[in-house]
Amino acid sequence: MKLNFFHVCMTIVFAVVCVIASRDSIAQSAIKTTNVSATKAIPNPPNVILILADDLGFGELGCYGQMLIKTPQIDRLARDGMRFSDFYAGSTVCAPSRCVLMTGLHTGHATVRGNVAATQRHLQSLKTSDWTIPKMLSARGYETAMIGKWGLGELDQPGRPLLQGFDSYFGYLNQVHAHNYFPTTLIENDQIVPLNNPTTLMKPDEGDDGGGYLDVKDLSPAQLLTSQYTPDLFVQKSIEFINKDHQKPFFLYLPFTLPHANNELTRATGNGAEILSSGVYENPEWTEADRKHAAMISKLDEGVGAILDHLKRVGLDKNTLVLLTSDNGPQKESGHRPEFFESSGPLNGMKRSLTDGGIRVPMIASWPGHIPANTVSEHIGYSGDLMATLAELSETKATGSDLPANLDSISILPTLTQSQLSTELTPIADYFQQFGKDQVLMAKSPNQKLHEYLYWEFYEQGSRAAVRFNQWKLIEEPMFSGKLVLYDLSSDLNESTNLSEKFPDVVAVGRKYLREGHRESPDWVVKPLRK
Ligand SMILES: [Ca+2]
């Protein structure tokens, strides 16, 4: 009897010690991984570097679960900052996604709502009346630069970068030109700059947009050695820009074209992953397109690493907010195997889908000392939120708030700068846990305003539209008249079970959002699918 009583006592003592020890270890890990107090006022607006990848899937970075493609530098960025599990692109293809990113309006309200053919290129330009992030930051005293792929207005159009708030730019304006990783020209501040590339250009009857490819089998070693790969040029130009004697904070928008396919090269050879070397990827069981697709993502990673190293070298790393995201889900146009790489991670679909594989994207934010390191946030946001975020970040007493009314944009700064940890374990957090046990899931910030819903519309393939609200996703295909399909992302991340019949009330709410989200535009009209 006495022995039993002793055992019970010891068991209780042991349990109490365990609880205290485990609390201590949670507290220690919290101290170790989050060294930031609650949201604080921003005394001096920081520099901002916004890196946009092109067609980079949710599952194509190591810090988002990729096991085959190496991205150590972007993973470092993630370790130094916050990753988002539920962050969305503005669209499922390039131009409208970039329009949403720049203007803070979703595709039901935005000027550019789709990629269009060359004959309709007037629809691919921002308008003089569009309010953009660079216009706002420029008005607030920032020096602004764009290096990479613009896609929202060409030399003769009001959307070109110098008319949309950028002090300088270098890169591609036209999206077909941007397919070409070894172009014969680029554009710098409205001037055409020749490059030293022996490129096979598209024939005049295929368009004169500068698309083409390097036909490597016909080139000498010397020609290959001196050819100019634009991602390298963009990194070099970015470092030159960072090195300038800045008298004011800067905003560098850096839309890389990696890992978008060179579609013209795909048509010519079947492999549109354009990069000279497949680098570390030599596995003979991979196709050539697989190896080069992986090498293109690692090339993006290398470029990001060079910029991060440079920021550190010149002492700007602590005063620069670095954001990295993608314009839409992963592509298959290079001829590689996205399913082999699990490019969409646990999500369903890819570029052009409105299931999450087409629109949910990596989003990483790093700003040492302000954003807690090695954290994951489940806040539901999208690229249109960066307008309000950068507005809040750069607002001073002198500027006040100058945001136009009726933007579809909510600042995520309260989420980025809060430090409270979550104790909940959710399905997506489980997914992230596989790739780093030491990372910390953030609690939802009480100061974070939420979208009632996120909205997308898409005009290719007969059209479709979608809304996300809470855990729900409602997709209508075609827009306005199609079947409504409902998914519960909290239990069905892969969007495979249609719950529309089971939850008609939820469908009714989603349908209301679908109708409310769309504003009619004569430029964007649904065309029936050609049979
Ligand atoms: Ca894209």
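User: In what order do the strands of the open sheet of four stand?
Analyst: The model is predicted: local features need pLDDT of at least 70, side-chain atom pairs count only at pLDDT 80 or more, and totals for chains, interfaces and linings use all residues. Residues are numbered from 1 along each chain as its sequence is written. Helices (H or I, at least four residues) and strands (E, at least two) are DSSP runs, numbered from the N terminus, and two strands pair if DSSP finds at least two bridges between them. Here the pairing is antiparallel, and the order is E16-E17-E18-E19.

User: Which are the edge strands of this sheet, and what does its twist average?
Analyst: An edge strand here pairs on one side only, which holds for E16 (454-458) and E19 (483-488). Axes are lines fitted to C-alpha atoms, for helices over the stretch in contact, and angles run from 0 to 180 degrees between N-to-C directions. So the edges are E16 and E19, and the twist from one strand to the next averages 15°.

User: Which helix packs on this sheet?
Analyst: Contact means that C-beta atoms, placed from the backbone, lie within 7 Å. The helix touches E16, E17 (464-469), E18 and E19, and its direction makes about 120° with that of E17. It spans residues 504-517 and is H14.

User: How many bridges pair E18 with E19?
Analyst: Trp472 has Asp488 in E19 as its bridge partner. Lys473 is likewise partnered by Tyr487 in E19. E18 covers residues 472-477, its pairing with E19 is antiparallel, and the number of bridges is six.

User: Which residue in the turn of the E18-E19 hairpin has a positive phi?
Analyst: The loop between E18 and E19 also holds Pro478, and the peptide bond from Glu477 to Pro478 is cis, with omega near -5°. Five residues separate the two strands of the hairpin. The positive phi, about 75°, belongs to Phe480.

User: How far apart are the C-alpha centres of domain 1 and domain 2?
Analyst: Domain bounds come from an automatic or database domain assignment. The assignment gives domain 1 as 47-441 and domain 2 as 454-517. Their C-alpha centres are separated by 27 Å.

User: Which helices each supply at least two residues of the side of domain 1 that touches domain 2?
Analyst: The contact takes 20 residues from domain 1 and 18 residues from domain 2. Two helices qualify on the domain 1 side, one at 356-359 and one at 427-433. They are H10 and H13.

User: What is the class make-up of that side of domain 1?
Analyst: Ala, Val, Leu, Ile, Met, Phe, Trp, Tyr, Cys and Pro count as nonpolar, Asp, Glu, Lys and Arg as charged, and the others, Gly among them, as polar. By class, the side of domain 1 that touches domain 2 has nine nonpolar, eight polar and three charged residues.

User: Are H6 and H8 roughly parallel or roughly antiparallel?
Analyst: The axes of H6 (230-243) and H8 (288-313) come within 10 Å and cross at roughly 15°. Angles under 35 degrees count as roughly parallel, over 145 as roughly antiparallel, 65 to 115 as roughly perpendicular and the rest as oblique. H6 and H8 are therefore roughly parallel.

User: Which residues of H6 meet H8?
Analyst: On the H8 side stand Lys299, Gly303, Ala306, Ile307, His310 and Leu311. Those in H6 are Pro231, Val235, Ser238, Ile239 and Ile242.

User: How is H2 set against H8?
Analyst: Pro72, Gln73, Ile74 and Leu77 in H2 meet Asp301, Glu302, Val304, Gly305 and Leu308 in H8. The axes of H2 (72-79) and H8 come within 7 Å and cross at roughly 50°. That angle makes H2, relative to H8, oblique.

User: Which strands stand at the edges of the open sheet of eleven strands?
Analyst: The pairing is mixed, and the order is E7-E6-E5-E4-E10-E1-E11-E12-E2-E13-E15. Each edge strand has a single partner strand, so one side of each is left without a neighbour in the sheet. They are E7 (191-194) and E15 (440-441).

User: How many bridges join E11 to E12?
Analyst: E11 (320-326) and E12 (363-366) run antiparallel. Thr325 stands opposite Met363 in E12. The number of bridges is four.

Key. Two residues are in contact if their C-beta atoms, placed from the backbone, lie within 7 Å.
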